[in-house]
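User: I'd like to go through this model with you, domain by domain and then down to the charged pairs. Shall we take a look?

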Amino acid sequence: MDQKRFIEEDFNGYLNQLIESHRLEPIQEGITKLVIDKGYDFLSIKQKKVFDYMIDTNTVDSCERCGSDIPFCEMFEALDNGGLCNYCQHMKEKLEYE
Ligand SMILES: [Zn+2]
């Protein structure tokens, strides 16, 4: 994922969701807490590598269906629904249940 997105408004909120969901390894969790506290730029190169890997394995860059960027406020759901934005998830549910 592009590091430019780390300054998006909902990014820290998403990091908190990841910690609360206990998806992260202990070392990933520690570094994620550091990012919430001090910001990504505070990390050492080694810590950034761990964090980048954690982000790459715990985010969906763009929606599998429409290709638009998934905002961090929808990211947690997207992890569980196979990588869909809210809109496509909604459309999919509509098609399945109609
Ligand atoms: Zn979509």
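User: Which domains is the protein divided into?
Analyst: First, the ground rules: this is a predicted model, where local features need pLDDT of at least 70, side-chain atom pairs count only at pLDDT 80 or more, and totals for chains, interfaces and linings use all residues. Residues are numbered from 1 along each chain as its sequence is written, and side-chain values use heavy atoms, with hydrogens and water left out. The bounds come from an automatic or database domain assignment. On that basis you get domain 1 (1-59) and domain 2 (62-98).

User: How many residues does each domain put into the contact?
Analyst: The C-alpha centres of domain 1 and domain 2 lie 22 Å apart. Contact here means heavy atoms within 4.5 Å. Counted that way, domain 2 brings nine residues and domain 1 brings 12.

User: What area is buried between domain 1 and domain 2?
Analyst: Buried area is the accessible area (1.4 Å probe) that two parts lose on being put together, summed over both. Carbon and sulfur atoms give 69% of it. On the domain 1 side, Arg-5, Tyr-14 and Arg-23 lose the most, together 50% of what that side buries. The area between the two domains comes to about 950 Å².

User: How many salt bridges are there between domain 1 and domain 2?
Analyst: Side chains of opposite charge can pair when their charged atoms come close. The rule wants a side-chain nitrogen of Lys or Arg within 4 Å of a carboxyl oxygen of Asp or Glu. A search of the whole structure finds two such pairs, one of them joining Lys-33 and Glu-29 with the closest N and O atoms 3.2 Å apart. Between the domains, though, the count is zero.

User: How many disulfides does the structure hold?
Analyst: You'd need a pair of cysteine sulfur atoms within 2.5 Å. Cys-63 is buried at 4% relative accessibility, and Cys-88 is buried at 0%. The number of disulfides in the structure is zero.

Key
Buried means under 20% relative accessible area, exposed over 50%, partly exposed in between (1.4 Å probe, protein chains only).
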